[in-house]
Amino acid sequence: MYKKQLTLQKILCILAIASSAVIFIYALGIMTDLYDTLYSTMRNPADLSQTDVPGSIVYYNMQPFNSYFLRCSIILILLACFLFITNTHIRRKYYIGNYVAIAAFVGANLYIAWDCHQYIEAYKDRFLRVDFEALKGHAEMWKTAYTESTFWFDIHYFVFGLSILVSLGLVACTIWKIKCMKEEAKLIAEGKEATA
């Protein structure tokens with residue numbers, strides 16, 4: 001039983017790094033379509049009211065969120081590394097550091113998923129208010145990219161869903177670990193009583 005639990009905790013720690021890396025890559029890519037389609041519509045970046053396409057200011061409005069999201073993804077990677085620093089992936093018996101590492105990663109992961117979901121949905125709504133007729137005309141005139149796709153907004157359900165599953169897995173594995181440690185302590189106590 002312990003062997004299966006140890007294998008699972010190692011897999012989950014690796015998945016914690018992987019899911020954090022996916023969030024980092026997503027944070028880098030979320031602005032891709034917005035840049036390709038909306039950046040060139042702003043005639044004067046110093047005066048954001050001067051645009052060929054009403055609503056294209058969403059690209060500039062998203063910049064502070066994008067910086068925040070990128071910082072959050074780096075924090076998640078560091079917290080996932082903390083799982084390895086505390087040997088959570090190989091330790092047979094957990095100590096306080098292991099519980100702190102798991103709680104920090106899970107807490108940050110759930111908070112970031114919830115918080116960034118709110119922002120992404122709000123910016124998706126603003127993107128859908130862009131004047132796509134004007135955007136299509138601008139793209140045809142200036143030979144720039146054109147898309148109405150909300151792919152980069154919608155994929156956050158998969159990205160955050162994956163990270164939440166990993167977090168829930170870590171919690172379940174920790175509960176299993178506590179149960180295994182109690183059973184082991186009980187067996188040791190029974191063994192000592194038998195020899196006494």
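Ile112 is buried, with a relative accessible area of 6% (buried means under 20%, exposed over 50% and partly exposed in between, using a 1.4 Å probe and protein chains only). This is a predicted model, so local features need pLDDT of at least 70 and side-chain atom pairs count only at pLDDT 80 or more, while totals for chains, interfaces and linings use all residues. Residues are numbered from 1 along each chain as its sequence is written, and side-chain values use heavy atoms, with hydrogens and water left out.

**Around Ile112**

- Ile112 is found in helix α5 (helices are DSSP runs of H or I with at least four residues, strands are E runs of at least two, and both are numbered from the N terminus).
- Beyond its neighbours within four places in sequence, Ile112 is in contact with Cys72, Leu76, His117 and Phe160 (contact means heavy atoms within 4.5 Å).
- Leu76 lies 36 residues from Ile112 along the chain, and their C-alpha atoms are separated by 8.8 Å.

**Helix α1 with helix α4**

- Helix α1 (residues 2-29) packs against helix α4 (residues 63-85) at an angle of about 165°, with axes 9 Å apart (axes are lines fitted to C-alpha atoms, for helices over the stretch in contact, and angles run from 0 to 180 degrees between N-to-C directions).
- α1 and α4 are therefore roughly antiparallel (over 145 degrees; under 35 counts as roughly parallel, 65 to 115 as roughly perpendicular and the rest as oblique).
- Among the residues that meet here are Cys13, Ile17 and Phe24 in α1, and Phe69, Leu76 and Cys81 in α4.
- By class, this contact of α1 with α4 has 19 nonpolar, three polar and no charged residues (Ala, Val, Leu, Ile, Met, Phe, Trp, Tyr, Cys and Pro count as nonpolar, Asp, Glu, Lys and Arg as charged, and the others, Gly among them, as polar).

**Helix α1 with helix α5**

- The axes of α1 and α5 (residues 96-127) come within 13 Å and cross at roughly 25°, so the two helices are roughly parallel.
- Ala16, Ser19, Ser20, Ile23 and Tyr26 in α1 meet Phe105, Asn109 and Ile120 in α5.
- The contact of α1 with α5 divides into five nonpolar, three polar and no charged residues.

**Cysteines**

- The structure holds zero disulfides (a disulfide is a pair of cysteine sulfur atoms within 2.5 Å).
- For Cys81, the closest cysteine sulfur is in Cys13, 11 Å away and too far for a bond; Cys81 is partly exposed at 30% relative accessibility.
- For Cys173, the closest cysteine sulfur is also in Cys13, at 7.7 Å, too far for a bond; Cys173 is buried at 2% relative accessibility.
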